[in-house]
Amino acid sequence: MDEETKRHTCLKLDIPNNNTKDTEPIFVKGTWFNTHFNLAITDGLNAWFCNASEEEVKQRATQWDQPVSEYVHLAERYLGFQQPGSIYAFADAGDGHKRLSWTFEKEGMTLQWRWKCMLSPNSKKTTAEILDFLMDANITLSEEVVKKTELFEKMKVEAEKSLALSERVTNEKVEFESEIYGKFLGVLNSKKSKLRELRDQLSNSKQETSAKSPQDEDTDKTESFDEESDYDKSDEDPHKDIGASSKHVSMNKPSRGRRTRRS
């Protein structure tokens with residue numbers, strides 16, 4: 001189970017030298033499991049190791065009132081990547097052994113963890129294993145960089161194509177809009193011209209109507225008056241004329257004597 005979930009880290013630490021003001025680099029390779037971890041350390045000449053068993057990790061976690069998983073996770077965090085503000089030390093512990101320590105902040109307090117590292121019985125082998133791991137990690141990292149670079153170049157080409165397509169579409173849109181606007185303005189100007197012509201024609205018609213002579217108006221009025229007089233004459237009662245004429249005729253006609261019948 002642990003072999004399936006193990007994780008590897010390798011950290012370069014610059015440790016201050018107590019005798020000089022210079023720093024000495026060391027490499028800390030960590031193999032992390034859920035309940036324990038292993039450390040391999042080298043300065044290029046000598047090597048040390050620390051195999052923290054499940055019992056030791058559980059004991060330390062209990063002392064710090066932490067779950068085992070949290071203790072391992074915090075140790076991996078500080079020994080997998082150098083944390084700013086933390087003070088790292090790799091001091092002598094007698095008989096060639098070393099003590100690796102680092103500090104961290106918790107609830108406003110500065111705490112320190114320390115683990116004793118034993119001198120490796122075969123420093124060359126331990127150092128070679130660390131170097132092999134670094135080489136493999138470098139190769140893997142280089143391959144990932146190459147893949148990501150190729151992917152970036154591919155994405156860059158696609159982005160350039162998309163940009164060119166976008167510019168072409170934009171230009172076509174501008175040309176289309178210009179053409180449509182041009183046609184629209186032509187039609188609009190034509191409509192305006194026709195409206196002006198109709199307006200001028202209407203204005204001229206009104207002027208002609210207003211400029212009609214007064215004599216023509218008087219003539220029209222005279223004709224209307226004569227027509228009305230004739231009409232008034234024609235309105236006399238024809239029966240009246242006929243009766244008067246008959247009366248006149250009867251008055252001038254000689255009277256005849258009344259005949260008597262003989263018996």
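The model is predicted, so to speak of local features a pLDDT of at least 70 is needed, side-chain atom pairs count only at pLDDT 80 or more, and totals for chains, interfaces and linings use all residues. Residues are numbered from 1 along each chain as its sequence is written, and side-chain values use heavy atoms, with hydrogens and water left out.

**Stop 1: the aromatic rings**

Start by selecting Trp64 and Phe104. Nine aromatic pairs are present in the structure; rings of Phe, Tyr and Trp (its six-membered ring) pair if their centres lie within 6.5 Å, and planes under 30 degrees apart count as stacked, over 60 as edge-to-face and the rest as tilted. The Trp64–Phe104 pair is tilted because the ring centres are 6.3 Å apart and the planes stand at 55°. These partners are 40 residues apart and link distant parts of the chain: Trp64 is in the loop between helix 2 (54-63) and helix 3 (68-80), while Phe104 is in strand 6 (residues 97-106). Helices (H or I, at least four residues) and strands (E, at least two) are DSSP runs, numbered from the N terminus.

Now show the surface. Trp64 is partly exposed, at 26% relative accessibility, whereas Phe104 is buried at 5%. Here buried means under 20% relative accessible area, exposed over 50%, and partly exposed in between (1.4 Å probe, protein chains only).

Next, select Trp102 and Trp113. They form an edge-to-face pair, 6.1 Å centre to centre with 75° between the planes. Trp102 belongs to strand 6 and Trp113 to strand 7 (residues 109-119), 11 residues apart. Trp102 is buried, with a relative accessible area of 0%, and Trp113 is buried too, at 2%.

**Stop 2: Tyr78**

Stay on Tyr78, in helix 3. Is Tyr78 buried or exposed? At 8% relative accessibility, Tyr78 counts as buried. Beyond residues up to four places away in sequence, Tyr78 touches Leu11, Gln83, Ser86, Tyr88, Trp102, Thr103, Phe104 and Glu105, where contact means heavy atoms within 4.5 Å.

**Stop 3: charges over rings**

Select Arg60 and Trp115. The charged end of Arg60 sits over the Trp115 ring, 3.9 Å from its centre. For another example, go to Lys29, which lies over the face of Phe133 at 5.3 Å from the ring centre. A charge sits over a ring if NZ of Lys or CZ of Arg is within 6 Å of the ring centre and within 35 degrees of the ring normal.

**Stop 4**

Val57, Lys58, Arg60 and Ala61 of helix 2 meet Val68, Tyr71 and Val72 of helix 3.

**Stop 5: the core**

Finally, select Phe37, Leu39, Ile41, Phe90, Leu100 and Trp102. Of the 29 residues in the largest nonpolar core, these touch the most other members. A nonpolar core is a set of buried Ala, Val, Leu, Ile, Met, Phe, Trp, Tyr and Cys residues joined through side-chain atoms within 4.5 Å. Helix 3 supplies the largest share of this core, six residues.
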